[in-house]
Each structure stands twice: as structure tokens, then as C-alpha cells.
Amino acid sequence: MCVAIAIIESVMHVLTRLSACRSNGNAKRCRQIHGRHVRKARTPIWTCGPPESMLSSRRRAADERGTRELLERDGTSNIRVDRHWAGNMTETSASLNILGICGSLRKGSYNLGLLSALQDIAPAGVTIDILTSWDDIPVLNTDLLDEDGQPPVAVKRVADLIRAADAVIFASPEYCYSVPGPVKNLTDWLALPPHVNALRFKPTGVIGASVGPGGSARGQMVLRATLMFHDAIVMGKPEIAVAFSGVKFDPEGNLKDEATVELLRRYLSDFIEFSDSTRARRLDTLNREFVF
Ligand SMILES: Cc1cc2nc3c(=O)[nH]c(=O)nc-3n(C[C@H](O)[C@H](O)[C@H](O)COP(=O)(O)O)c2cc1C
């Protein structure tokens, strides 16, 4: 009761100050008051700490087992997953399993190089698996759905890998100012059937490298817009758009540019925090009705 009264009083106080500012025409002061108010409202979210579920080693172990089983099952598939253990995961350390999806199917892909560089700098407890070849996914045609509305096996396999991961990072070039066709084809498939969309509420990163001066930024915008449809939770900043990739990677696609490695370090650190706070909200991917 006391808390409610205190909240009402502080809201009234802010409203009074705002209206006084408006009548004085003091725009700068108004912004400051507004800013303070917004920061105050957010404080409890950060001070109460992560819920127990986020720290549960049992859930982490189950997730990890699930990913392993999926990886093993993938032995017969065209899909290749490159696994790299970034460090020794212990029962007490925080862990995060990230699935990197490379938007280029090219062997010496610069975008594959970006994901490999992330693997190299990942801290202990963070694993990054890279989905590198998924060219057995057919061009989308809803006639290919089975009688239960399920997509082809190749699509389901990728969906399962995404589902098993704690977070996803797309690293993709830009094609013709947009997202490469295979990436759009893949994400469209993931929308079917709609109620089990694996990207839904998934902490997601979008980065990219291109040979042009834009560094894939326009393609990233298109991908971000698409991911919004899927209800993926996409980190906005920092951005990684590697321009003139031809001079930053060697011909095999290994990142050679130290400044870019530093940017990736900062990016990964922020992405881990972003993913943890998103997971802490414990959004349920299946319990809400999906409307097209
Ligand atoms: C069909 C096609 C369209 C492209 N369009 C663009 C573009 O719009 N902007 C750009 O910077 N680079 C563009 N590129 C060049 C790519 O940036 C370059 O091929 C890059 O190396 C692809 O990424 P990857 O190394 O990961 O395969 C295009 C390449 C192809 C094949």
C-alpha cells in the first residue's frame, strides 16, 4: 500500500514538473526529467538479479545433451556443424550455446571467417557451433509440406538446432542490397508451421561482412526486418558490418584484421549479456497463439 502511494506521488511529481517545463518552454530540462524517470523505472529489472531458472545447471545440462544428440544425428545430413568448445564448462560457471548461421555457402566465406573468429575469442563456458552448409534445403514450396503441415526433414533439422541453442548469430553477406536468397528461403521455411517457429523469442544477433563499402549493412537491415516477423529478439547494437572484406581476410576466409577482432570481442561480450537477460525473461515459445 505504502509503495503504491509512493509510486503515485512520484508520478504526480514528474507530471507536475513536465507540465511546468512545457509552460516555461524549457525543452532541455524536460528531457532530463523524462530521462531520469525512465532510468528509475528500469532499475528494479537490473537489481533483482537473474531468476533461479537461468542459473539451473540441470537445464544447462539438458540443453547441452539435446544439442549433442542433434549434432550426432546430423551425421547423415548434408548439413555440417562445426563444433568448437570455447572452454571447460563447469557446473557453476555461466554457459551459453550459440548457433552461428553463415549466410554464405561459399567455402572461403568471409562471413564464415567472422563466425570462426568469434569461436576463437569466446570465453570459457560459451560454445559456438556453426551451421555452414545447408544447401539441401529445397526452394520453398508449400506443396512440400506433409499432411500434418510439417516441412521437409532438412528444414526440421535446422529448426531443431536453432531450438536447442540458447541464442543464434546470423553472419551474412549482402546480395544486391538485400539478404542472400538462401537465407531468406531458410527463414521463410522456419515460419512453417507458424506455432513452432524456432526463432520465436530466440536471442539473435545479426552481423556481416561484404566486399563493398557498406559492409553488408543494407542486407542486415533486411534480415532484421524479416526476423521481426519471426518474433526473434534481435540485439540492436553494437553493430558489426565489415566493409572491404577483401583486405581484412586471407583467401581462405580467416580474419586477419586486429581492429575487427577487437570489435568482435566487444560484440560477443555484449551479446552474451543480451542473451542472458533475454533468457532470464523466460519467454515461452509455444504457449502463445500465433497470428499471421
Ligand atoms: C549475387 C551477389 C550480389 C552481391 N551484392 C552485393 C551488395 O549488394 N553489396 C556488397 O557489398 N557486396 C555484394 N556482393 C559481394 C559480396 O559482398 C561478396 O561476394 C562477399 O565476399 C560475399 O560474402 P562471403 O565472402 O561470406 O561469401 C554480391 C555478391 C554476389 C554473388
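Reader: If a residue is near a molecule or strand when its C-beta atom, placed from the backbone, lies within 6 Å of it, which of the 15 residues around the ligand come nearest?

Author: This is a predicted model, in which local features need pLDDT of at least 70 and side-chain atom pairs count only at pLDDT 80 or more, while totals for chains, interfaces and linings use all residues. Residues are numbered from 1 along each chain as its sequence is written. With that numbering, the ones that come nearest to the ligand are Ser104, Ser109, Pro173, Ser210 and Gly212.

Reader: How many residues of the shell around the ligand are charged?

Author: The classes are nonpolar (Ala, Val, Leu, Ile, Met, Phe, Trp, Tyr, Cys and Pro), charged (Asp, Glu, Lys and Arg) and polar (the others, Gly among them). Sorted in this way, the shell has 7 polar and 6 nonpolar residues, and its charged residues number 2.

Reader: How many helices and strands does the chain have, and what percentage of its 292 residues is buried?

Author: Helices (H or I, at least four residues) and strands (E, at least two) are DSSP runs, numbered from the N terminus, and the chain holds 9 helices and 7 strands. A residue is buried if 20 or more other C-beta atoms, placed from the backbone, lie within 10 Å of its own, exposed if 12 or fewer, and partly exposed in between. By that count, the buried part of the chain's 292 residues comes to 34%.

Reader: Which residues have the most contacts inside the largest nonpolar core?

Author: A nonpolar core is a set of buried Ala, Val, Leu, Ile, Met, Phe, Trp, Tyr and Cys residues joined through C-beta atoms within 7 Å, and the largest one here has 51 residues, of which Ile98, Leu114 and Val168 have the most contacts inside it. Helix H5, residues 110-121, supplies the largest share of this core, 6 residues. To repeat the names asked for, they are Ile98, Leu114 and Val168.

Reader: Which residues does Val168 contact, leaving aside its neighbours within four places in sequence?

Author: Two residues are in contact if their C-beta atoms, placed from the backbone, lie within 7 Å. With its neighbours within four places set aside, the partners of Val168 are Ile98, Leu99, Ile101, Ile162, Lys202 and Thr204.

Reader: Is Leu112 buried or exposed, and which residues does it touch beyond four places in sequence?

Author: Leu112, which is placed in helix H5, counts as buried because 26 C-beta neighbours lie inside 10 Å. Not counting residues up to four places away, Leu112 touches Cys102, Ser104, Ile130, Thr132 and Gly253.

Reader: Why do the buried residues of H8 line one face of the helix?

Author: Helix H8, residues 217-229, reaches 19 Å from its first C-alpha to its last, close to the 18 Å expected at 1.5 Å a residue, that is, 1.5 Å times one less than its number of residues. Its buried residues are Gly219, Gln220, Leu223 and Thr226. Taking the directions from the helix axis to the C-beta atoms, these buried residues line one face because, seen down the axis of H8, they fall within an arc of 120°.

Reader: Which exposed residues does the other face of H8 carry, and against which elements do its buried residues pack?

Author: The face of H8 turned away from the buried side carries the exposed residues Ala225 and Met228. On the buried side, the residues of H8 pack against strand E4 (167-171), helix H7 (181-190), strand E5 (203-209) and strand E7 (241-242).

Reader: Ser216 has a positive phi in a residue other than glycine; is Ser216 buried or exposed?

Author: Ser216 is found in the loop between E5 and H8, and its phi is near 80°. Because Ser216 has 31 C-beta neighbours inside 10 Å, it counts as buried.

Reader: Tyr177 also has a positive phi; is Tyr177 buried or exposed?

Author: Tyr177, in the loop between E4 and H7, has a phi of about 65° although it is not a glycine. Because Tyr177 has 12 C-beta neighbours inside 10 Å, it counts as exposed.

Reader: What is omega for the cis peptide bond that joins Leu192 and Pro193?

Author: Pro193 lies in the loop between H7 and E5. The cis bond that joins Leu192 to Pro193 has an omega of about -15°.

Notes
A residue is near a molecule or strand if its C-beta atom, placed from the backbone, lies within 6 Å of it.
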